[in-house]
Amino acid sequence: MRRIYYLILFICTTVVLLQAIHPAWKDHLVFDVYTYFERSTYFINHLNLSNIANEYHPGAITFFILLSPFLLINPSVEAFLNIILSANFILIFLIAYMIERLTASKNILIFSLLILFTGPIIFYRFELLVVCLTMASYYFFKKNLALVSIIFLGLAVLTKLYPIIYLPYFLFIRFKERGLKEFVKLSLVFCTFVVSFLLAYLLLLQIGLTEFIYSLNYHNAKPVGVEGVWASIISLFSIITTGSPPTLVAGNRTWGVSTENFFLPLWIIDNFWILAIEIIYLLVLSFKKSSKLLESILIITLTVLIFSKLSAPQYLIWFLFLLPLISFEKYLNNVRYTFLLLLSLSVAFLSQYIYPLNYDNFLQFFNNGSNSYLFYLNVFRNICLIFIFYILVMKLNKNED
Amino acid sequence: MKIDTFYLILFLGLAIRLSLAFLPGFYIDTNVWYAWALRLNESTFNNFYSPTVWTNYTPGYLYILSFLGAIRNLFNLDNNSFYYLLKLPAILSEVILTFVIYKVTLPKSKKLSKLLAIFIIFNPALIFNSSIWGQIDGVLTLALFISVYFLTIDKLIWSSALFGLAILLKPQALALTPVFLLFLINRFSIKSTLQLIVPTALILFLFSLPFFITNPIFGPLQLLSKMVDDYPLNSLFAYNFWGMLGFWINDGTFWQNLTYRGWGLLLISFYWLLITFFYIRRKLNLLNLATLALISFFFLPTRAHERYLYPGLVFLTISAWYFKSRVLIILTFILSVIHLLNLYFVYVYYNEIFQHQPYLFYWEPLYNLLDKGSKFFSFFSTVMFIILSYLILKLSHDKKVH
């Protein structure tokens with residue numbers, strides 16, 4: 001059956017790839033690829049990245065550079081798009097392989113389902129790379145190869161900053177199991193690896209420190225993402241108190257909502273996720289069993305997605321594509337897990353339905369109040385996210401297997 | 001709570017189809033569905049058929065179109081949503097078909113039934129037919145399969161009624177007529193004859209009546225005759241025996257004092273003589289008989305469309321399950337891929353080349369290969385047909401011997 005499950009995955013991935021070339025998806029999603037193309041072309045022409053504003057992190061840039069030699073054969077954006085699509089296609093199978101190794105080949109079915117519901121966005125971003133690296137880190141951690149695990153986590157952090165939230169948890173588990181020496185060793189390895197990679201990156205690509213700091217600050221400077229939980233709360237508050245939705249604000253290639261009429265100041269919204277993560281850490285660290293590792297990772301990821309002001313649709317992939325690591329039997333034999341899967345699929349589909357399929361109409365709601373159903377669908381999606389969070393926390397709290 | 005993995009597979013199959021249904025359907029067919037759905041809601045069924053508007057279609061699916069048109073009017077659906085809605089009956093039929101096949105075959109072996117279901121629900125050619133093209137061969141095949149199943153368990157009235165419904169959906173269902181005839185010859189009695197003929201006739205009459213109130217007997221027959229004469233051509237892009245000569249050649253063309261059509265009928269008659277011989281000697285069961293009937297209907301007579309292979313592919317998969325034959329399933333898979341290429345070529349030719357829709361599936365190397373290699377693919381498919389027929393007969397013989 002193993003080969004058949006891979007065949008099913010292949011069919012599902014091909015289906016999403018077909019959607020990916022359809023204008024309804026492609027016209028919205030392709031813009032990021034233009035930026036990747038621009039960076040890669042610049043590198044191919046200059047063999048460095050100095051004097052170019054760059055918002056991407058070193059791992060992501062390395063990924064683009066690794067793909068850029070293909071531009072020597074055909075230096076067009078369409079060719080680069082095909083390269084990105086192919087790279088992500090391969091990454092899907094790498095992730096599937098790790099899912100199989102960590103659980104059972106049946107779980108590839110769950111992964112296939114999630115791919116279908118998440119849609120073509122997976123092909124136009126580099127989230128799959130981060131998921132792949134994070135999963136590799138988790139894989140080696142489970143296999144008791146903590147050093148390799150921490151290196152992969154370092155690579156993931158260098159590609160997107162968010163996997164840093166797993167580091168304290170991994171370190172804590174090792175500290176509990178092996179003591180302080182192991183904790184210090186792993187921390188040092190992590191820091192040394194990340195710093196060495198960074199230095200090599202800055203020197204080889206001739207990137208100034210200012211540009212690098214700019215890339216770190218880029219996401220911080222974004223407004224409160226229009227699809228996120230915070231935006232839903234702010235919008236509902238605005239509708240109740242003023243009768244109209246908040247105004248749209250744009251910044252750093254993101255649409256957000258204004259917090260002018262909201263009762264909480266922006267700095268609280270900016271940093272609320274840190275408090276949430278701390279509370280969640282207290283909860284997950286109170287469990288002695290390391291068998292709760294996966295559930296803890298899922299909850300930590302979800303905490304960031306719910307409580308952070310940043311809410312790009314592709315971020316959901318961080319969480320969704322870790323779900324196939326839950327035992328297949330749990331999904332089929334346990335009402336809560338079945339419900340969890342259905343909710344996650346709803347979240348994935350609604351996200352796709354809003355972005356990119358109806359994004360212009362969705363934004364119109366904030367401009368003139370029209371297409372309110374899209375706004376409420378998005379609110380529903382966020383409620384589903386919170387509900388998933390609740391189910392996972394309750395599951396963890398009950399300490400059930 | 002315990003859910004079978006099969007349901008997850010079924011859900012996945014449904015999700016794939018729903019994900020692809022957003023893509024544009026086959027321009028001509030989906031626009032015809034669209035126009036008929038509206039027409040059926042603007043006037044009475046009796047006024048549907050017209051000499052001025054092309055309405056050559058049996059009434060079965062028109063009921064479903066009428067229902068879909070009513071939904072459109074009720075919810076004031078926009079065009080995109082309505083085109084999506086028009087694809088849903090075929091998509092749901094394929095899911096139900098898989099479910100029914102799984103349930104019917106389950107008592108023999110759970111693992112094999114699951115494999116059979118996987119091969120049907122994930123067959124890319126079937127997915128393309130319903131979710132992208134927007135055709136309803138899945139609806140027809142569902143009726144055909146249930147009809148054959150009832151025949152195998154001696155529920156003749158139900159089998160006959162389903163057969164009648166299948167003919168109303170698409171007249172290609174008549175491909176199964178020899179199966180029913182052979183069944184009757186083999187087990188002749190007045191009772192079984194009546195049980196097999198009356199329900200079909202009643203269903204055909206009753207469901208046609210609202211469309212032919214003024215001419216209830218000859219009206220449907222005239223319609224059938226018009227449909228048969230709609231395309232008097234050797235092969236309508238079908239990779240079959242006639243495709244080896246090229247497509248769209250008048251089947252009234254003579255060869256050795258006989259028209260192509262005549263040769264086609266002669267070929268299928270010889271084929272059936274052979275099959276009858278095997279059946280009479282009790283070396284073929286009804287299921288495999290139906291498989292041979294459906295695939296031969298695509299490969300041997302003239303006037304076959306590319307999509308006529310659909311029911312044959314489903315039945316071939318079931319035959320592979322029946323014989324537990326790896327070779328048969330591999331050959332069925334290869335034939336499915338060729339069929340998918342056949343559908344792809346026609347879809348791209350009409351939608352993207354002829355109708356100038358935006359390029360979505362057009363890929364020059366593949367399109368050119370299919371365009372220039374159509375005779376080769378027809379030859380290859382025909383060879384596959386011969387091998388498959390031989391294999392089914394041989395496996396039936398071996399099974400009987402053992």
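Residues are numbered from 1 along each chain as its sequence is written, while chains are lettered from A and ligands numbered from 1 in the order in which they are written. In this predicted model, local features need pLDDT of at least 70 and side-chain atom pairs count only at pLDDT 80 or more, whereas totals for chains, interfaces and linings use all residues.

**Whole chain.** Select chain B. Its secondary structure comes to 17 helices and four strands (DSSP runs numbered from the N terminus: helices are H or I of at least four residues, strands E of at least two). The radius of gyration, taken over C-alpha atoms, is 21 Å, close to the 21 Å that the globule rule (2.2 Å times the number of residues to the power 0.38) gives for 402 residues, so chain B is as compact as a globular protein of that length. Its C-alpha trace spans about 70 × 60 × 55 Å along the principal axes.

**Domains.** Colour chain B by domain: domain 1 is 1-135, domain 2 is 137-215 and domain 3 is 231-402, with bounds from an automatic or database domain assignment. The centres of domain 1 and domain 3 of chain B, over C-alpha atoms, are 23 Å apart. Each of these two domains gives 19 residues to their contact (two residues are in contact if their C-beta atoms, placed from the backbone, lie within 7 Å).

Now show the side of domain 1 of chain B that touches domain 3 of chain B. Helices α2 (27-42), α4 (79-105), α5 (110-121) and α6 (124-133) of chain B each supply at least two residues there. The largest share, six residues, comes from α6(B). By class, this side has 15 nonpolar, four polar and no charged residues (nonpolar: Ala, Val, Leu, Ile, Met, Phe, Trp, Tyr, Cys and Pro; charged: Asp, Glu, Lys and Arg; polar: the others, Gly among them).

**A helix pair.** Next select α3 (residues 60-75) of chain B together with α4(B). Their axes come within 10 Å and cross at roughly 145 degrees (axes are lines fitted to C-alpha atoms, for helices over the stretch in contact; angles run from 0 to 180 degrees between N-to-C directions). Show side chains for the contact: B:Ile64, B:Leu68, B:Ile71 and B:Arg72 come from α3(B), and B:Phe82, B:Leu85, B:Leu86 and B:Pro89 from α4(B). Seven of the contact residues are nonpolar, none polar and one charged.

**Toward chain A.** Finally, display both chains. In chain B, 18 residues are in contact with 21 residues of chain A. Helix α1 (residues 5-20) of chain B gives the most to chain B's side, with eight residues.
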